[in-house]
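This briefing covers one protein model. Look at the sequence and the structure first, then read the points below.

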Amino acid sequence: EFRDRAGVGVLRTINLELVRPLLRYLQPKSLSVAVIDATDLPASTADKKKRGHWSAQRATLGARTRRAGSSKFFVSYKKHSLRLWLNAHSQSVLLIPISTWVAPAHLPEGYWLEASVRQCQRRLDWRPDIMVGDLAYIRQEVKQAIRQQYGVAVVTKMKPDMNLIDAFDTWNQMSCVHGEPLRWLDYEPDEQTHWFGPEPGVQLCPHCWEASQCPREFAYPAQCHETLLGLLPLNTRAAQQLLNQVRCWIEPTQSYDKNRLGLKRVFLNSLRLAWTFSLLADAAVRLRAQALLTQPHGQHDLLCHLLPNQLQLPLPD
């Protein structure tokens, strides 16, 4: 009766109201970071070997990373979540969902990124400063639109088949035409241009035959390559730490929802039911985060010493 009366629309409104008090815990002097990823919700259907249509309503065939003992393709739905990194909780890493979409399994994560930012802006009057994704499954046009319209940096790794621009030797290292390594200096928002210069303690510049004519600062428009440059270039220390130390926490967070909250054991035979249980799981995560942030200091889990400590990110100004 509750699911029929509330519906997906009411549950989404309730979840947004649960997010508002959590935003007050963001540190004002730090940039906010959000991570987007998807997790599969297997459909409860006995005819998974059929092709085209299954008894589970609006379930489709999806693909996942090949694991031992499991097939690559599966019949299911997907839960796409944009999760906010709450660095105010110093005892452990804490990621809370701020925007969730449930869709048939064949739809990729990149479809929901711009919609998530738009929802945060319209419904919460707030948006994250940086969003971290998995590889470059997000189209360059979407990254550019998010950067220009909302001023949000989208950071993803490079696909193996993507081409580098001339200034990049590898995905995380730049150099001038003579081989001197370059570091990121600043971003000019009016011109949408990044400026790079030699690293401190340069070795090649004093011996370069063009040193007297070299400006020592080089400009590259962000639109040259939205993955390598965008709003936060990949050769910065902040981007590399986001990809190597922050992005990896989304998998255990998603597993917590599925295993601890029982999403794996729910009989999901329709997209609407998958939506409902996903939103209920998000509400439980938000309420748990609220309890962790408001509890008196010193009263916490007895196993807190086993939890990973919160990371201090060297984010740019």
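Which residues of helix α5 (residues 250–260) are buried? They are I250, T253, Q254, D257 and K258, where buried means under 20% relative accessible area with a 1.4 Å probe, protein chains only. The model is predicted: local features need pLDDT of at least 70, side-chain atom pairs count only at pLDDT 80 or more, and totals for chains, interfaces and linings use all residues. Residues are numbered from 1 along each chain as its sequence is written, and side-chain values use heavy atoms, with hydrogens and water left out.

**Confidence**
- The protein chain has an average pLDDT (the predictor's confidence in each residue, from 0 to 100) of 82, and 85% of the residues score at least 70.
- Among the elements of the chain, mean pLDDT is lowest in strand β2 (residues 60–63), at 72, and highest in strand β5 (residues 130–132), at 92.
- Where pLDDT is low, the predicted coordinates should not be read in detail.

**Helix α5**
- Helices (H or I, at least four residues) and strands (E, at least two) are DSSP runs, numbered from the N terminus.
- The buried residues of α5 line one face of the helix, because they fall within an arc of 135 degrees seen down its axis; the arc is that of the directions from the helix axis to the C-beta atoms.
- After α5 comes G262, with a positive phi near 80 degrees.

**The sheet**
- Five strands form an open sheet in the order β7-β8-β9-β10-β11, with antiparallel pairing; two strands pair if DSSP finds at least two bridges between them.
- At the edges are β7 (168–170) and β11 (218–221), each pairing on one side only.
- Six bridges join β9 (residues 181–188) and β10 (residues 193–198) in the antiparallel sense.
- The bridge partner of D186 is W195, in β10.

Definitions and conventions: Buried means under 20% relative accessible area, exposed over 50%, partly exposed in between (1.4 Å probe, protein chains only).
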